[in-house]
Amino acid sequence: MDHNERMIKRQVLGVGHRAILRYPKGFSDVVLEEVTTLLNSVEQKFDPEIEVQATQITIRNIGFANLLFLAREATTLRDILWQIDCGKADTMKRLKTRFQDIPWPIYLPNPCKLALRVTSTRSRIFHEGEITRLLEKAIVAKCPGVNLVSLRGSEQLIDVRLFEDHLEICLSLGKGALYQRGYKEVLKGTASVKEDLAQCALRATLSFVRNFKGRDWIPREVLVPFAGSGTLGFEGLFTFSGIPKSLLNRNLPGDRLPCSPIKTVGHQKKMSINSALNSLPITTKFIEIDKAQALALEHNSNSIVAKLGLKDLELNVYHQDFFAMPPSANKNVFFPLNPPFGERLGGDLNIKSLYQEIGRFMNTWQGSGFIFVPMLELIPAFSKEIPKFEIEMRPINHGGKPMTLLMFTMP
Ligand SMILES: C[S@@+](CC[C@H](N)C(=O)[O-])C[C@H]1O[C@@H](n2cnc3c(N)ncnc32)[C@H](O)[C@@H]1O
(Lines give C-alpha, C1' and ligand atoms only; values in the text may rest on other atoms or scores of the structure.)
Protein backbone atom coordinates (compact mmCIF):
# COMPACT_ATOMS: atom_id res chain seq x y z
CA MET A 1 0.00 0.00 0.00
CA ASP A 2 1.54 3.33 -0.99
CA HIS A 3 1.28 6.63 0.86
CA ASN A 4 -1.79 7.83 -1.03
CA GLU A 5 -3.65 4.55 -0.56
CA ARG A 6 -3.01 4.74 3.19
CA MET A 7 -4.28 8.32 3.23
CA ILE A 8 -7.43 7.29 1.33
CA LYS A 9 -8.10 4.55 3.83
CA ARG A 10 -7.51 6.81 6.82
CA GLN A 11 -9.09 10.04 5.62
CA VAL A 12 -11.78 8.88 3.21
CA LEU A 13 -12.93 5.28 3.49
CA GLY A 14 -12.34 4.69 7.20
CA VAL A 15 -14.21 7.69 8.61
CA GLY A 16 -17.66 9.31 8.54
CA HIS A 17 -18.04 12.54 6.55
CA ARG A 18 -19.94 15.80 6.57
CA ALA A 19 -21.78 16.94 3.45
CA ILE A 20 -24.09 19.78 2.49
CA LEU A 21 -27.04 19.01 0.24
CA ARG A 22 -28.28 21.75 -2.09
CA TYR A 23 -31.78 21.71 -3.62
CA PRO A 24 -34.58 24.06 -4.75
CA LYS A 25 -35.70 26.51 -2.06
CA GLY A 26 -38.79 25.54 -0.07
CA PHE A 27 -38.60 21.75 -0.51
CA SER A 28 -36.63 20.58 2.56
CA ASP A 29 -39.39 18.13 3.52
CA VAL A 30 -39.47 16.54 0.06
CA VAL A 31 -35.68 16.26 -0.11
CA LEU A 32 -35.47 14.89 3.42
CA GLU A 33 -37.94 12.17 2.54
CA GLU A 34 -36.04 11.13 -0.58
CA VAL A 35 -32.65 11.21 1.15
CA THR A 36 -33.79 9.18 4.19
CA THR A 37 -35.50 6.61 1.95
CA LEU A 38 -32.32 6.22 -0.11
CA LEU A 39 -30.11 5.97 2.97
CA ASN A 40 -32.41 3.39 4.53
CA SER A 41 -32.09 1.25 1.41
CA VAL A 42 -28.34 0.71 1.80
CA GLU A 43 -26.08 -0.62 4.53
CA GLN A 44 -24.58 2.05 6.77
CA LYS A 45 -21.02 1.66 8.02
CA PHE A 46 -21.49 4.73 10.23
CA ASP A 47 -24.48 6.30 11.89
CA PRO A 48 -25.44 9.35 9.83
CA GLU A 49 -27.15 12.36 11.40
CA ILE A 50 -29.25 14.65 9.26
CA GLU A 51 -29.91 18.27 10.11
CA VAL A 52 -32.39 20.38 8.17
CA GLN A 53 -31.60 24.10 8.01
CA ALA A 54 -33.51 26.87 6.24
CA THR A 55 -32.03 26.38 2.77
CA GLN A 56 -29.83 23.32 3.08
CA ILE A 57 -29.54 19.91 4.66
CA THR A 58 -26.35 18.86 6.41
CA ILE A 59 -25.42 15.22 6.88
CA ARG A 60 -22.77 14.27 9.42
CA ASN A 61 -21.01 10.96 9.86
CA ILE A 62 -21.94 9.40 6.56
CA GLY A 63 -19.74 6.83 4.80
CA PHE A 64 -18.10 8.03 1.58
CA ALA A 65 -19.58 5.21 -0.54
CA ASN A 66 -23.06 6.22 0.63
CA LEU A 67 -22.41 9.83 -0.31
CA LEU A 68 -21.54 8.65 -3.82
CA PHE A 69 -24.73 6.57 -3.79
CA LEU A 70 -26.80 9.64 -2.86
CA ALA A 71 -25.21 11.60 -5.71
CA ARG A 72 -26.01 8.73 -8.05
CA GLU A 73 -29.67 8.20 -7.12
CA ALA A 74 -31.13 11.33 -5.49
CA THR A 75 -33.34 13.18 -7.96
CA THR A 76 -34.21 16.27 -5.92
CA LEU A 77 -30.65 17.46 -5.27
CA ARG A 78 -28.86 20.19 -7.16
CA ASP A 79 -25.49 19.32 -5.64
CA ILE A 80 -23.75 17.47 -2.83
CA LEU A 81 -20.83 19.32 -1.32
CA TRP A 82 -18.48 16.94 0.45
CA GLN A 83 -16.49 18.72 3.15
CA ILE A 84 -12.81 17.82 2.89
CA ASP A 85 -11.48 20.36 5.40
CA CYS A 86 -12.64 23.02 7.85
CA GLY A 87 -11.25 25.18 10.62
CA LYS A 88 -10.32 28.65 11.75
CA ALA A 89 -8.68 30.90 9.16
CA ASP A 90 -8.34 34.45 10.46
CA THR A 91 -4.92 35.26 8.99
CA MET A 92 -3.41 34.80 5.54
CA LYS A 93 -0.73 32.57 7.06
CA ARG A 94 -3.32 30.24 8.62
CA LEU A 95 -5.30 30.10 5.40
CA LYS A 96 -2.19 29.29 3.35
CA THR A 97 -1.16 26.49 5.74
CA ARG A 98 -4.65 24.97 5.62
CA PHE A 99 -4.63 24.93 1.81
CA GLN A 100 -1.10 23.48 1.71
CA ASP A 101 -1.85 20.73 4.23
CA ILE A 102 -4.69 19.20 2.20
CA PRO A 103 -3.60 15.98 0.42
CA TRP A 104 -4.93 17.17 -2.97
CA PRO A 105 -3.70 14.12 -4.97
CA ILE A 106 -6.20 11.86 -3.18
CA TYR A 107 -9.09 14.20 -4.00
CA LEU A 108 -8.41 15.48 -7.50
CA PRO A 109 -7.91 13.48 -10.70
CA ASN A 110 -4.64 14.43 -12.34
CA PRO A 111 -5.08 15.79 -14.97
CA CYS A 112 -8.48 17.44 -14.66
CA LYS A 113 -10.27 20.69 -15.43
CA LEU A 114 -11.09 22.30 -12.11
CA ALA A 115 -13.27 25.28 -11.16
CA LEU A 116 -12.91 27.15 -7.87
CA ARG A 117 -15.84 28.93 -6.20
CA VAL A 118 -14.78 31.15 -3.32
CA THR A 119 -16.94 33.30 -1.04
CA SER A 120 -15.99 35.27 2.08
CA THR A 121 -18.57 36.79 4.40
CA ARG A 122 -18.03 38.75 7.65
CA SER A 123 -14.41 37.58 7.83
CA ARG A 124 -11.05 39.26 8.38
CA ILE A 125 -9.80 37.86 5.07
CA PHE A 126 -12.32 39.21 2.63
CA HIS A 127 -10.44 39.42 -0.66
CA GLU A 128 -11.93 36.50 -2.60
CA GLY A 129 -9.46 36.93 -5.50
CA GLU A 130 -6.52 36.60 -3.12
CA ILE A 131 -8.01 33.49 -1.46
CA THR A 132 -8.53 31.93 -4.92
CA ARG A 133 -4.92 32.66 -5.87
CA LEU A 134 -3.57 31.01 -2.69
CA LEU A 135 -5.79 27.98 -3.20
CA GLU A 136 -4.78 27.60 -6.83
CA LYS A 137 -1.08 27.74 -5.90
CA ALA A 138 -1.48 25.08 -3.22
CA ILE A 139 -3.39 22.73 -5.55
CA VAL A 140 -1.10 23.08 -8.57
CA ALA A 141 2.01 22.54 -6.39
CA LYS A 142 0.73 19.04 -5.55
CA CYS A 143 -1.27 18.25 -8.71
CA PRO A 144 0.56 19.83 -11.64
CA GLY A 145 -1.89 18.33 -14.17
CA VAL A 146 -4.84 20.29 -12.75
CA ASN A 147 -6.00 22.98 -15.10
CA LEU A 148 -8.00 25.86 -13.58
CA VAL A 149 -11.01 26.76 -15.74
CA SER A 150 -14.38 28.50 -15.37
CA LEU A 151 -17.35 26.56 -13.96
CA ARG A 152 -18.88 25.96 -17.38
CA GLY A 153 -15.98 23.98 -18.83
CA SER A 154 -14.96 22.23 -15.61
CA GLU A 155 -15.02 18.55 -14.66
CA GLN A 156 -14.61 19.13 -10.93
CA LEU A 157 -15.58 21.94 -8.57
CA ILE A 158 -14.12 23.05 -5.25
CA ASP A 159 -16.31 25.28 -3.11
CA VAL A 160 -14.57 27.38 -0.44
CA ARG A 161 -16.55 29.38 2.08
CA LEU A 162 -15.15 31.67 4.71
CA PHE A 163 -17.79 32.76 7.19
CA GLU A 164 -16.87 34.72 10.33
CA ASP A 165 -13.26 33.47 10.00
CA HIS A 166 -14.35 29.85 9.79
CA LEU A 167 -13.21 28.06 6.64
CA GLU A 168 -15.07 25.24 4.92
CA ILE A 169 -13.57 23.50 1.87
CA CYS A 170 -15.87 21.20 -0.07
CA LEU A 171 -15.57 19.11 -3.20
CA SER A 172 -18.69 18.87 -5.32
CA LEU A 173 -19.80 15.31 -5.99
CA GLY A 174 -22.26 16.45 -8.66
CA LYS A 175 -21.11 19.71 -10.29
CA GLY A 176 -24.25 20.31 -12.30
CA ALA A 177 -24.56 16.68 -13.35
CA LEU A 178 -27.00 16.03 -10.50
CA TYR A 179 -29.73 17.93 -12.26
CA GLN A 180 -28.57 17.77 -15.86
CA ARG A 181 -29.62 14.24 -16.61
CA GLY A 182 -28.40 14.09 -20.18
CA TYR A 183 -31.71 12.99 -21.70
CA LYS A 184 -32.23 15.98 -23.96
CA GLU A 185 -30.15 15.24 -27.02
CA VAL A 186 -31.97 17.89 -29.02
CA LEU A 187 -32.43 21.17 -27.17
CA LYS A 188 -35.37 23.27 -28.25
CA GLY A 189 -37.52 25.92 -26.65
CA THR A 190 -37.24 28.03 -23.54
CA ALA A 191 -38.85 28.24 -20.10
CA SER A 192 -38.01 24.61 -19.41
CA VAL A 193 -38.18 23.58 -15.78
CA LYS A 194 -34.98 22.65 -13.99
CA GLU A 195 -34.94 18.92 -13.39
CA ASP A 196 -34.47 19.16 -9.61
CA LEU A 197 -37.38 21.59 -9.32
CA ALA A 198 -39.50 19.31 -11.52
CA GLN A 199 -38.73 16.42 -9.15
CA CYS A 200 -39.53 18.44 -6.03
CA ALA A 201 -42.87 19.54 -7.52
CA LEU A 202 -43.74 15.99 -8.63
CA ARG A 203 -42.82 14.46 -5.28
CA ALA A 204 -44.54 17.17 -3.21
CA THR A 205 -47.70 16.60 -5.25
CA LEU A 206 -47.45 12.82 -4.95
CA SER A 207 -47.33 13.15 -1.13
CA PHE A 208 -50.26 15.57 -1.19
CA VAL A 209 -52.39 13.27 -3.39
CA ARG A 210 -51.56 10.27 -1.21
CA ASN A 211 -53.17 12.05 1.76
CA PHE A 212 -56.50 11.49 -0.03
CA LYS A 213 -55.93 8.38 -2.12
CA GLY A 214 -53.82 6.25 0.19
CA ARG A 215 -50.10 5.99 0.86
CA ASP A 216 -49.31 3.64 -2.04
CA TRP A 217 -51.21 5.54 -4.73
CA ILE A 218 -49.38 5.90 -8.06
CA PRO A 219 -50.83 7.34 -11.29
CA ARG A 220 -51.19 4.92 -14.20
CA GLU A 221 -50.79 7.65 -16.78
CA VAL A 222 -48.94 10.96 -16.86
CA LEU A 223 -50.37 13.48 -19.29
CA VAL A 224 -48.18 16.53 -19.96
CA PRO A 225 -50.32 19.19 -21.70
CA PHE A 226 -47.77 21.98 -22.39
CA ALA A 227 -44.92 19.57 -22.86
CA GLY A 228 -42.19 21.88 -24.23
CA SER A 229 -38.92 20.03 -23.87
CA GLY A 230 -40.63 17.32 -21.85
CA THR A 231 -38.82 17.70 -18.50
CA LEU A 232 -41.95 17.14 -16.41
CA GLY A 233 -42.85 13.93 -18.25
CA PHE A 234 -39.32 12.50 -18.26
CA GLU A 235 -38.89 13.27 -14.56
CA GLY A 236 -42.20 11.55 -13.85
CA LEU A 237 -40.53 8.30 -14.93
CA PHE A 238 -38.17 8.51 -11.96
CA THR A 239 -40.87 9.64 -9.50
CA PHE A 240 -43.69 7.30 -10.41
CA SER A 241 -42.18 4.19 -11.97
CA GLY A 242 -39.16 4.03 -9.68
CA ILE A 243 -36.67 3.92 -12.55
CA PRO A 244 -33.29 4.76 -10.96
CA LYS A 245 -31.94 8.08 -12.15
CA SER A 246 -28.48 6.57 -12.54
CA LEU A 247 -29.62 4.49 -15.51
CA LEU A 248 -29.24 7.68 -17.53
CA ASN A 249 -26.57 9.58 -15.68
CA ARG A 250 -23.93 6.92 -15.29
CA ASN A 251 -20.75 8.93 -14.73
CA LEU A 252 -20.75 11.60 -12.08
CA PRO A 253 -17.80 13.82 -11.10
CA GLY A 254 -17.63 12.01 -7.74
CA ASP A 255 -17.02 8.66 -9.45
CA ARG A 256 -13.80 9.88 -11.02
CA LEU A 257 -11.97 10.99 -7.87
CA PRO A 258 -8.76 9.08 -7.04
CA CYS A 259 -10.29 8.22 -3.64
CA SER A 260 -13.53 6.79 -5.08
CA PRO A 261 -13.68 3.03 -4.47
CA ILE A 262 -13.94 1.61 -8.01
CA LYS A 263 -15.45 -1.72 -6.95
CA THR A 264 -18.16 -0.13 -4.79
CA VAL A 265 -19.07 2.31 -7.55
CA GLY A 266 -19.34 -0.62 -10.00
CA HIS A 267 -21.52 -2.54 -7.53
CA GLN A 268 -23.84 0.46 -7.06
CA LYS A 269 -24.25 0.76 -10.82
CA LYS A 270 -25.15 -2.92 -11.09
CA MET A 271 -27.72 -2.59 -8.27
CA SER A 272 -29.42 0.27 -10.08
CA ILE A 273 -29.74 -1.82 -13.25
CA ASN A 274 -31.33 -4.59 -11.16
CA SER A 275 -33.79 -2.26 -9.48
CA ALA A 276 -34.85 -0.93 -12.91
CA LEU A 277 -36.20 -4.39 -13.62
CA ASN A 278 -38.73 -3.89 -10.82
CA SER A 279 -39.90 -0.50 -12.07
CA LEU A 280 -43.61 -0.01 -12.78
CA PRO A 281 -44.86 0.49 -16.32
CA ILE A 282 -46.39 3.93 -16.77
CA THR A 283 -47.74 5.57 -19.90
CA THR A 284 -46.55 9.13 -20.53
CA LYS A 285 -48.33 11.33 -23.06
CA PHE A 286 -46.78 14.61 -24.17
CA ILE A 287 -49.07 17.20 -25.80
CA GLU A 288 -47.25 19.94 -27.69
CA ILE A 289 -48.71 22.43 -30.15
CA ASP A 290 -45.47 23.63 -31.73
CA LYS A 291 -44.24 21.38 -34.54
CA ALA A 292 -40.46 21.87 -34.14
CA GLN A 293 -40.83 21.41 -30.38
CA ALA A 294 -42.90 18.24 -30.87
CA LEU A 295 -40.29 16.81 -33.26
CA ALA A 296 -37.45 17.49 -30.80
CA LEU A 297 -39.54 15.88 -28.07
CA GLU A 298 -40.13 12.81 -30.18
CA HIS A 299 -36.41 12.45 -30.85
CA ASN A 300 -35.59 12.80 -27.14
CA SER A 301 -38.35 10.36 -26.13
CA ASN A 302 -37.01 7.71 -28.52
CA SER A 303 -33.48 8.16 -27.28
CA ILE A 304 -34.50 7.97 -23.61
CA VAL A 305 -36.36 4.69 -24.27
CA ALA A 306 -33.28 3.32 -26.09
CA LYS A 307 -30.92 4.48 -23.32
CA LEU A 308 -33.02 3.04 -20.51
CA GLY A 309 -33.49 -0.22 -22.36
CA LEU A 310 -36.87 -0.89 -20.67
CA LYS A 311 -39.26 -2.40 -23.17
CA ASP A 312 -42.48 -1.66 -21.23
CA LEU A 313 -41.81 2.07 -21.23
CA GLU A 314 -44.42 3.96 -23.23
CA LEU A 315 -43.68 7.57 -24.19
CA ASN A 316 -46.05 9.10 -26.75
CA VAL A 317 -45.82 12.53 -28.31
CA TYR A 318 -48.98 14.18 -29.70
CA HIS A 319 -48.44 17.21 -31.88
CA GLN A 320 -51.72 19.02 -31.19
CA ASP A 321 -53.62 21.62 -29.17
CA PHE A 322 -54.33 20.33 -25.68
CA PHE A 323 -57.71 22.07 -25.62
CA ALA A 324 -58.78 20.14 -28.71
CA MET A 325 -58.32 16.82 -26.94
CA PRO A 326 -61.49 14.98 -25.98
CA PRO A 327 -61.39 14.83 -22.17
CA SER A 328 -61.85 11.50 -20.48
CA ALA A 329 -62.41 11.42 -16.75
CA ASN A 330 -59.87 9.17 -15.08
CA LYS A 331 -58.82 9.73 -11.49
CA ASN A 332 -55.53 7.91 -12.08
CA VAL A 333 -54.17 10.44 -14.55
CA PHE A 334 -51.52 12.88 -13.34
CA PHE A 335 -51.12 16.34 -14.93
CA PRO A 336 -47.89 18.29 -14.44
CA LEU A 337 -48.76 21.73 -15.84
CA ASN A 338 -46.29 24.40 -16.87
CA PRO A 339 -48.41 26.69 -19.06
CA PRO A 340 -46.86 29.25 -21.41
CA PHE A 341 -46.78 32.28 -19.12
CA GLY A 342 -47.35 35.67 -20.57
CA GLU A 343 -47.33 34.48 -24.16
CA ARG A 344 -50.58 35.07 -26.09
CA LEU A 345 -51.97 31.80 -27.20
CA GLY A 346 -53.41 32.77 -30.56
CA GLY A 347 -57.06 33.90 -30.64
CA ASP A 348 -57.83 36.28 -27.78
CA LEU A 349 -56.91 34.09 -24.84
CA ASN A 350 -55.07 36.17 -22.27
CA ILE A 351 -53.27 34.60 -19.36
CA LYS A 352 -56.25 34.84 -16.98
CA SER A 353 -58.58 33.16 -19.43
CA LEU A 354 -55.88 30.56 -20.13
CA TYR A 355 -55.79 29.61 -16.43
CA GLN A 356 -59.60 29.53 -16.33
CA GLU A 357 -59.66 27.32 -19.40
CA ILE A 358 -57.09 24.94 -17.94
CA GLY A 359 -59.17 24.84 -14.73
CA ARG A 360 -62.28 23.90 -16.71
CA PHE A 361 -60.36 21.13 -18.48
CA MET A 362 -59.01 19.79 -15.21
CA ASN A 363 -62.55 19.76 -13.82
CA THR A 364 -63.71 17.45 -16.61
CA TRP A 365 -60.57 15.25 -16.58
CA GLN A 366 -60.95 14.67 -12.79
CA GLY A 367 -57.27 13.79 -12.33
CA SER A 368 -54.52 15.01 -9.99
CA GLY A 369 -51.49 17.16 -10.59
CA PHE A 370 -49.95 20.58 -10.19
CA ILE A 371 -49.78 23.87 -12.01
CA PHE A 372 -47.13 26.62 -11.84
CA VAL A 373 -48.87 29.93 -11.21
CA PRO A 374 -46.79 33.05 -11.98
CA MET A 375 -49.15 35.67 -10.43
CA LEU A 376 -51.29 35.50 -7.30
CA GLU A 377 -54.41 36.80 -9.10
CA LEU A 378 -54.36 33.72 -11.34
CA ILE A 379 -54.90 31.38 -8.37
CA PRO A 380 -58.67 32.02 -8.07
CA ALA A 381 -59.00 32.05 -11.90
CA PHE A 382 -57.86 28.43 -11.89
CA SER A 383 -59.18 27.13 -8.56
CA LYS A 384 -62.76 28.47 -8.96
CA GLU A 385 -63.13 26.09 -11.91
CA ILE A 386 -62.38 23.00 -9.80
CA PRO A 387 -64.74 23.49 -6.80
CA LYS A 388 -64.82 19.85 -5.74
CA PHE A 389 -61.05 19.34 -5.81
CA GLU A 390 -58.68 19.38 -2.85
CA ILE A 391 -55.97 22.03 -3.22
CA GLU A 392 -52.66 22.84 -1.53
CA MET A 393 -50.12 25.55 -2.39
CA ARG A 394 -46.42 26.26 -1.85
CA PRO A 395 -44.28 29.27 -2.75
CA ILE A 396 -41.53 28.31 -5.21
CA ASN A 397 -38.93 29.89 -7.41
CA HIS A 398 -38.96 28.98 -11.09
CA GLY A 399 -36.51 30.52 -13.53
CA GLY A 400 -35.54 33.19 -10.99
CA LYS A 401 -39.17 34.28 -10.46
CA PRO A 402 -41.27 33.75 -7.32
CA MET A 403 -44.34 31.65 -8.14
CA THR A 404 -46.91 29.37 -6.58
CA LEU A 405 -47.00 25.63 -6.96
CA LEU A 406 -50.70 24.78 -6.83
CA MET A 407 -51.36 21.07 -6.27
CA PHE A 408 -54.80 19.60 -6.89
CA THR A 409 -56.58 16.28 -6.68
CA MET A 410 -60.09 14.99 -7.12
CA PRO A 411 -60.43 12.78 -4.04
C1 LIG B 1 -43.71 27.03 -20.62
S2 LIG B 1 -43.47 25.94 -21.96
C3 LIG B 1 -43.34 24.41 -21.17
C4 LIG B 1 -41.98 24.13 -20.72
C5 LIG B 1 -41.82 22.68 -20.33
N6 LIG B 1 -42.50 22.36 -19.11
C7 LIG B 1 -40.36 22.33 -20.26
O8 LIG B 1 -39.85 22.02 -19.19
O9 LIG B 1 -39.69 22.41 -21.29
C10 LIG B 1 -45.02 25.86 -22.72
C11 LIG B 1 -45.11 24.94 -23.94
O12 LIG B 1 -46.51 24.74 -24.22
C13 LIG B 1 -46.72 24.71 -25.62
N14 LIG B 1 -48.17 25.04 -25.83
C15 LIG B 1 -48.74 26.26 -25.77
N16 LIG B 1 -50.07 26.15 -25.96
C17 LIG B 1 -50.34 24.85 -26.12
C18 LIG B 1 -51.56 24.11 -26.33
N19 LIG B 1 -52.73 24.73 -26.43
N20 LIG B 1 -51.47 22.77 -26.44
C21 LIG B 1 -50.28 22.14 -26.35
N22 LIG B 1 -49.10 22.79 -26.16
C23 LIG B 1 -49.13 24.12 -26.03
C24 LIG B 1 -45.74 25.73 -26.15
O25 LIG B 1 -45.43 25.46 -27.51
C26 LIG B 1 -44.52 25.50 -25.22
O27 LIG B 1 -43.62 24.57 -25.77
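**Entry 1: Leu21 and its strand**

I looked up Leu21 in this predicted model and found Ile57 of S3 standing opposite Leu21. Then I checked the two strands around this pair. S1 covers residues 17–22 and S3 covers residues 57–62. They run antiparallel, and four bridges join them.

**Entry 2: the eight-stranded sheet**

Next I traced the sheet that holds them. I read its order as S2-S3-S1-S4-S8-S7-S5-S6. The sheet is open and its pairing is mixed. Which strands stand at the edges? I found S2 (49–52) and S6 (146–148) there. Each has a single partner strand, so one side of each is left without a neighbour in the sheet.

Helix H6, residues 128–142, lies across S5 (112–121), S6 and S7 (156–163). I noted that H6 runs at about 145° to S5.

**Entry 3: the seven-stranded sheet**

I then traced an open sheet of seven strands, ordered S11-S10-S9-S12-S13-S15-S14, with mixed pairing. S11 (314–319) and S14 (390–398) are at its edges. The twist from one strand to the next averages 20°.

How do S9 and S12 run? I found S9 (221–224) parallel to S12 (333–337), with two bridges joining them. Glu221 has Val333 in S12 as its bridge partner. Last, I looked at helix H7, residues 195–213. H7 packs on the sheet and touches S12, S13 (368–373), S14 and S15 (401–409). Its direction makes about 30° with that of S15.

Notes
Residues are numbered from 1 along each chain as its sequence is written. This is a predicted model: local features need pLDDT of at least 70, side-chain atom pairs count only at pLDDT 80 or more; totals for chains, interfaces and linings use all residues. Two strands pair if DSSP finds at least two bridges between them. Two residues are in contact if their C-beta atoms, placed from the backbone, lie within 7 Å. Axes are lines fitted to C-alpha atoms, for helices over the stretch in contact, and angles run from 0 to 180 degrees between N-to-C directions.
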